[in-house]
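Here are a few friendly notes to read alongside the structure. Keep it open and look up each part as you go.

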Amino acid sequence: MPATTESVELAQLAARAASDKLARDIVAFDVSERLAIADVFFLCSASNDRQVGAIVREIQDQLAIAGVKPSRREGDRDNRWVLIDYGDLVVHVQHVEERAFYALERLWRDCPEIPLPEAVTVGGGPGDELSADDPRATGTDA
């Protein structure tokens, strides 16, 4: 049974929120056929710890506006890999180094990829990194 419409919509909302904070390599997988604990695994990354925190806050804020609260959040003390558990949606926001090292995509490459909004940035290259004082990287308004 494929991921529920609600789970897919939440992943798309999380993708837009992450993109607003310039997350890189945004992807979502339908893991419902392989796991009983979740429908969707959402992954994105950032080039520095402050940006990881900003992305996490924006995702939580946007999903809260949609009326969804996480049941659990882990890893935010160091902001290297933050996991936010929304039940059917599990969000992973990783520093680019952790993303490369753990390569979660390898684990789920056999699962269908969930289409994300066209406006979402799914890549990122040199020059896309933010300075530590850029408001988009810190979640502050300047």
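1. Strand 4 (81-85) and strand 5 (89-95) pair in the antiparallel sense over 5 bridges. Strands here are DSSP runs of E with at least two residues, helices are runs of H or I with at least four, and both are numbered from the N terminus. Two strands pair if DSSP finds at least two bridges between them. Within this pairing, V82 stands opposite V93 in strand 5. The hairpin leaves 3 residues between the strands, and G87 takes a positive phi near 85° there.

2. Before going further, please keep in mind that this is a predicted model, where local features need pLDDT of at least 70, side-chain atom pairs count only at pLDDT 80 or more, and totals for chains, interfaces and linings use all residues. Residues are numbered from 1 along each chain as its sequence is written, and side-chain values use heavy atoms, with hydrogens and water left out.

3. How confident is the predictor? pLDDT is its confidence in each residue, from 0 to 100. The protein averages 87, and 85% of the residues score at least 70. Take care with residues 122-132, where pLDDT stays under 50. For that stretch the model has 19 contacts beyond four places in sequence, a contact being heavy atoms within 4.5 Å.

4. Now look at the other partner of strand 5: strand 2 (40-46) pairs with strand 5 in the parallel sense over 7 bridges. Here F42 stands opposite V91. Is strand 5 mostly covered or uncovered? It is mostly covered, with 7 of its 7 residues buried. Buried means under 20% relative accessible area, exposed over 50%, and partly exposed in between (1.4 Å probe, protein chains only). L89, V91, V93 and H95 point one way, while V90, H92 and Q94 point the other way.

5. L89 also belongs to the largest nonpolar core, which has 30 residues. A nonpolar core is a set of buried Ala, Val, Leu, Ile, Met, Phe, Trp, Tyr and Cys residues joined through side-chain atoms within 4.5 Å. I26, F42, I59, L63 and L89 have the most contacts inside this core. Helix 1 gives the most to it, with 7 residues. Beyond its neighbours within four places in sequence, L89 touches L10, A11, V40, F42, L63 and I84.

6. Finally, helix 1 (residues 5-20) has buried residues including L10, A11, A14 and A18. Among the elements covering its buried residues are strand 1 (24-30) and helix 2 (49-65). Just after helix 1, L22 takes a positive phi of about 60°.

Methods:
pLDDT = per-residue confidence, 0-100.
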